[in-house]
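Please read it beside the coordinates.

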Amino acid sequence: DNSIYMCWRLIPNKYGLYDRQVCCIESYNGKEQESQAIRIKELFEDFDADYIIIDSNGAGSGVWSYIQKKNYDVDRGKEYDAYTCFNDDNTVDKELASQGIPIVYSMKAYAKENHQMIQSLMNVFITKGIQLPLPSIDAKEMLYEKENIKKNEITKRMKMEGELMAPYIQTDILITELINIEHEIREGMYKIVNGRARKDRVSALLYGNFLCDYFEKENYKKLNNGSVDFFMLFN
């Protein structure tokens with residue numbers, strides 16, 4: 001299993017919508033399920049986040065089950081609360097949910113949801129409504145200048161690249177996935193197909209963008225007395 005974690009920042013703009021910023025990307029291959037749940041909760045606290053969206057289908061269901069429980073973080077010496085979902089998920093145990101903090105969107109995406117997510121992501125790229133971390137080649141120069149590291153300071157350069165470059169390298173891989181992703185249209189709906197290229201980071205991007213859309217629609221409902229007769233995204 002290749003698991004991708006993204007931290008997003010949603011900045012309210014003058015249109016009552018959000019400017020979308022992907023701030024950090026991490027990847028883990030073959031990480032044990034409870035360890036994944038703990039890392040998600042670590043990131044949630046470190047980033048001072050408000051909500052989480054997780055793929056709770058297939059392989060993601062195991063991680064989701066651990067997120068719904070209390071977890072002890074040996075590395076940090078602390079216990080994390082149980083989290084539960086704020087959307088409807090009929091696979092969640094009601095008694096277990098009553099003990100959790102409702103901050104998770106449990107995503108079970110099928111053909112309709114996947115089509116809508118692909119359309120929305122295409123739209124935010126076309127309208128430049130989303131920002132990704134810098135590609136690594138640009139980030140490297142920026143960090144050298146910020147940290148005042150000279151070209152002949154090899155040890156400092158290696159330390160800086162090892163500690164600070166990882167999220168920007170993830171941007172490179174994400175861009176490669178976006179370029180190489182394969183899709184087709186079935187019965188009038190977009191579908192990502194399994195080609196040679198990986199799509200893990202693209203999937204995480206789709207889900208994060210979906211959650212932003214969700215909150216924009218909820219905000220629109222509040223401003224219009226619960227009605228969503230007509231809703232369109234502008235940027």
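1. The model is predicted, and the pairs discussed below should be read with that in mind.

2. Within helix 1, which spans residues 33–46, Arg39 and Glu42 are placed 3 residues apart, or about one turn of the helix, and they form a salt bridge whose closest N and O atoms are 2.9 Å apart. Because the threshold for burial is under 20% relative accessible area, Arg39 counts as buried at 16%, and Glu42 is likewise buried, with a value of 9%.

3. A second pair involves Asp46, which forms a salt bridge with Arg76 at a closest N and O separation of 2.7 Å. Since Asp46 belongs to helix 1 whereas Arg76 sits in the loop between strand 4 (71–73) and strand 5 (78–80), this pair ties together parts that are 30 residues apart in sequence. Arg76 is partly exposed, its relative accessible area being 37%.

4. In helix 8 (residues 200–223), Glu218 and Lys221 are again separated by 3 residues, about one turn of the helix, and their side chains meet in a salt bridge with an N to O distance of 3.2 Å. Both partners are partly exposed, Lys221 at 30% relative accessibility and Glu218 with a relative accessible area of 23%.

Key
Residues numbered from 1 in each chain as written. Predicted model: local features only at pLDDT ≥ 70, side-chain atom pairs only at ≥ 80, totals over all residues. Heavy atoms only, no water. Salt bridge = Lys/Arg side-chain N within 4 Å of Asp/Glu carboxyl O. Helix = DSSP H or I, 4+ residues; strand = E, 2+ residues; numbered from the N terminus. Buried < 20%, exposed > 50% of the residue type's maximum accessible area, 1.4 Å probe, protein only.
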